[in-house]
Amino acid sequence: MIGQLCVKIVGKESGRYCVIVDKIDSTYVIIDGNLKRRKCNINHLELLNKRLEIKKDASTEEIRKVMEKEGIKITKPREKKESKKKQEKIRK
């Protein structure tokens, strides 16, 4: 199961590719790849027929390099926008 390529189908990161990094129990796994490393329910993943050669608990950089070798496009995380400061009102 470790190294299994998946697509997340539920949540704000749905449609993104990920890899199973570790198995917690029969329901939950840890995923990483084209999204933030997190615990995820197996029912929220669509398992694909491809398996990547990675070690258990591999780093995010290692996983992304292997995914790029397989031709999976990696999206960069969004940068936070700077908030505009409100102008202070001048009282008369």
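Me: How many aromatic pairs are there by the distance rule?

Reply: The count is zero aromatic pairs. The model is a predicted one, and a pair would need ring centres within 6.5 Å.

Me: What makes Lys39 count as sitting over the ring of Tyr28?

Reply: The charged end of Lys39 is 4.6 Å from the centre of the Tyr28 ring. The rule asks for a distance within 6 Å and a position within 35 degrees of the ring normal, and Lys39 is listed as sitting over that ring.

Me: How many disulfides does the structure hold, and how do you know?

Reply: It holds zero disulfides. The sulfur of Cys18 has its closest cysteine sulfur in Cys6, at 4.8 Å. A disulfide needs the two sulfur atoms within 2.5 Å, so the sulfurs of Cys18 and Cys6 are too far apart for a bond. For Cys40, the nearest cysteine sulfur is that of Cys18, 6.7 Å away, and Cys40 is in no disulfide.

Me: Why is Cys18 called buried?

Reply: Its relative accessibility is 0%. Buried means under 20%, so Cys18 counts as buried.

Me: Is Cys40 buried or exposed, and on what value?

Reply: Cys40 has a relative accessible area of 3%. That value is set against the limit of under 20%, and therefore Cys40 is buried.

Me: Why is Asp22 called buried, and where is it found?

Reply: Asp22 is found in strand 2, which covers residues 17-23. Its relative accessible area is 13%; because the term applies under 20%, Asp22 is buried. Leaving out residues up to four places away in sequence, Asp22 touches Ile2, Val29, Ile30, Lys56 and Asp57. Over the chain, 32% of the 92 residues count as buried.

Me: What share of the contacts joins residues 24 or more positions apart?

Reply: Among contacts with a separation of 6 or more, such residues account for 45%.

Terms used. Residues are numbered from 1 along each chain as its sequence is written. This is a predicted model: local features need pLDDT of at least 70, side-chain atom pairs count only at pLDDT 80 or more; totals for chains, interfaces and linings use all residues. Side-chain values use heavy atoms; hydrogens and water are left out. Helices (H or I, at least four residues) and strands (E, at least two) are DSSP runs, numbered from the N terminus. Buried means under 20% relative accessible area, exposed over 50%, partly exposed in between (1.4 Å probe, protein chains only). Contact means heavy atoms within 4.5 Å. Rings of Phe, Tyr and Trp (its six-membered ring) pair if their centres lie within 6.5 Å; planes under 30 degrees apart count as stacked, over 60 as edge-to-face and the rest as tilted.
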